[in-house]
Amino acid sequence: MTEPATSSPTQPSADPGAAFSLRPKRMGIDTHHEPVVVLRADSPVVRAEGFEAHARIEVLGAQRSIIATLNILTEGNLIGPDEVGLSEAAWRRLLPTGDEVLRFRFAQASDSMSHVRSKIFGQRLSENQFDAIIGEVVGGRLSNVEIAAFLVACADGRMNTGEVTSLTRAMVHAGSRMSWSQPVVVDKHCIGGLPGNRTTPIVVSIATSLGLIMPKTSSRAITSPAGTADTVETFTRVDLSLEAMRRVVETEGGCMVWGGAMNMSPADDLLIRVERTLDLDSEGQLVASVLSKKAAAGSTHVVIDIPTGPTAKVRSQAEAQSLLLALQRTAHAIGLTLHGLISDGSQPVGCGVGPALEAHDVIAVLRNDPGAPDDLRQRALQVAAAVVELGGLAQGQAAHDIAAAALADGRAWHKFQAICQAQGGFREPGVAPFQHPVLAERIGRVARIDNRLLARAAKLAGAPHAKTAGLWLNVHLGDRAERGQPLFVLHAESQGELDYALEFVRSHPAIIHLEN
């Protein structure tokens, strides 16, 4: 995983606390993107400076400095009296040499937190203020707690259209931005909340096989069992550099890569990690997240799919229309042409839920396998037809026919393989070693499937971090089920995770509801 460039050259300091120096020790602790350092309670640095646990301190090395959160070791010998422990994020940003020593001082107060506090109390923020906040997020000056305060302050309709546009621009300004020689560069995005709705690899393969330019960047999961990048990573490499991404697009016309690896809208990935912890996905932040990545990738024309249903992320037609309007307004303000699709979100798509399981569905559709899920095929063709229209190749039924022909005659499959090879090679997705069927306890017709509970079961089984974990859905709405028939099969990479998911399923019999 590529960390954002947050370190800076160390400047000499007259601060007395900087005179204390300690040897760095790599602790091997994963603290996500937030640098953490550990000092002993009896360290002279702690005593002299009056450092307390969770203080934000500046750590100065010979070549780099970082802002980190301090943890205090009160007992034990994990670090020596002359050592400071570094988390993996802190180590990667400082990259200390073998004989290097580190110095410490209180970090200066964040300039942008005054803007965050203003937002908490209901004030409107300017584009310059959003630039300051996002700059400090990317620069590593804000802790997870401070980022969480910003996200919550902007949630639940607390940003107007101008603020969402300003946040979107600030997220683009904070990273790299691609540009292409072609006047039309197409893209697509699904709002999510619908397990198994993994149309992106199919749409990219169809569009690029027809000659369109589609540099597709995707995110990892926020609150779902799999993001597009998680799924694509099971069959090819997604953590490409900007230069590598450009080579793939120039060679094959498109790509399927993780946006977080290329410093394009780098704040987005940092915000997403905190959003995941909060289980938060607000409208304004969602609009800024989606459109900043499209603008950073150099897209000019974007199709947005908004699945809508009682247990999808977007639950009503009114909510879907509101979100689409917010997307259209911000897209227009930053120069993007946007077309929205409000689609059926009443049930999962395909059979697989989880990175590798969804990849099996995708590959089956692209290969035109007889058993490939037709609902995934049809949804992918609907989105692909909209992309073809925006790309100016055809309109109406003709656009759908062109997309369907590219899939049926194998052009999309061949283009998919070529893109995978250009990104690092194709591999077949794996299969989890632990599986357990969940059986129907009665005869009946499938009347309702709870997308959220089903997704939760897949996550408890280990998805998306365990790539082959999740579940395989055997029934859809309207299907008849016999007593003892598998409704779905849980997949896990450990017995413990399988047992945990089974316990959840048994306590939530309404995941799949059968009626006579």
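Ala, Val, Leu, Ile, Met, Phe, Trp, Tyr, Cys and Pro count here as nonpolar, Asp, Glu, Lys and Arg as charged, and the others, Gly among them, as polar. By these classes, the lining of the second largest pocket holds 13 nonpolar, three polar and three charged residues. The model is predicted.

Confidence comes next. The protein chain has an average pLDDT of 93. A score of at least 70 is reached by 96% of the residues. Residues 1-14 have a pLDDT below 50. This stretch still makes 36 contacts in the model beyond near neighbours in sequence. Where pLDDT is low, the predicted coordinates should not be read in detail.

The second largest pocket has a volume of about 430 Å³. Its lining comprises 19 residues. Nearest the centre of this pocket lie V438, L439, E441, L487 and P509. Four elements are named as giving two or more residues to the lining: β13 (434-439), β17 (486-492), α18 (495-506) and β18 (512-515). The largest share, four residues, comes from β13.

Strand β13 also belongs to an open sheet of four strands. The order in this sheet is β12-β15-β17-β13, and the pairing is antiparallel. Strands β12 (352-353) and β13 stand at the edges. Each has a single partner strand, so one side of each is left without a neighbour in the sheet. Two bridges link β12 to strand β15 (residues 470-473) in the antiparallel sense. Within this pair, V353 has L471 of β15 as its bridge partner.

Strand β18, which also contributes to the pocket lining, sits in an open sheet of three strands. Here the order is β16-β14-β18, again with antiparallel pairing. The edge positions are held by β16 (480-481) and β18. One side of each is left without a neighbour in the sheet, because each has a single partner strand. Strand β14 (residues 444-449) and β18 run antiparallel and are joined by four bridges. Opposite I449 stands I512 in β18. Strands of a sheet pair through backbone hydrogen bonds, either parallel or antiparallel.

Strand β10 (residues 301-308) and strand β11 (residues 337-344) run parallel and are joined by eight bridges. D305 has L341 in β11 as its bridge partner. From β10 the chain crosses through helix α12 (residues 317-333) to β11. This β-α-β crossover is right-handed. In a regular strand the side chains alternate between the two faces of the sheet.

Rolling a probe the size of a water molecule over the atoms shows where empty space is left. Two cavities of 30 Å³ or more were counted. The largest cavity holds about 70 Å³ of space. Its lining consists of S219, R220, W258, G259, G260, M264, S265, P266, D268, D269, I272 and K293. Helix α10 (residues 266-278) supplies the largest share of this lining, four residues. By class, the lining of the largest cavity divides into four nonpolar, four polar and four charged residues. For the second largest pocket, the corresponding division is 13 nonpolar, three polar and three charged.

A463 and P464 are joined by a cis peptide bond, with omega about 0 degrees. P464 is placed in the loop between α17 (451-460) and β15. Strand β15 is the partner of β12 in the antiparallel pair with two bridges. The other feature concerns H32. Phi of H32 is near 55 degrees, a positive value in a residue other than glycine. H32 lies in the loop between β1 (21-26) and β2 (36-40).

How values were computed:
Residues numbered from 1 in each chain as written. Predicted model: local features only at pLDDT ≥ 70, side-chain atom pairs only at ≥ 80, totals over all residues. Heavy atoms only, no water. Pairing = 2+ DSSP bridges. Right-handed = clockwise from strand over helix to strand, strands pointing away. pLDDT = per-residue confidence, 0-100. Contact = heavy atoms within 4.5 Å. 1 Å grid on protein atoms, 1.4 Å probe; cavity = no way out; pocket = protein on both sides within 12 Å on 5 of 7 lines; lining within 4 Å. Points joined across faces, edges and corners; volume = space filled by probe spheres on them.
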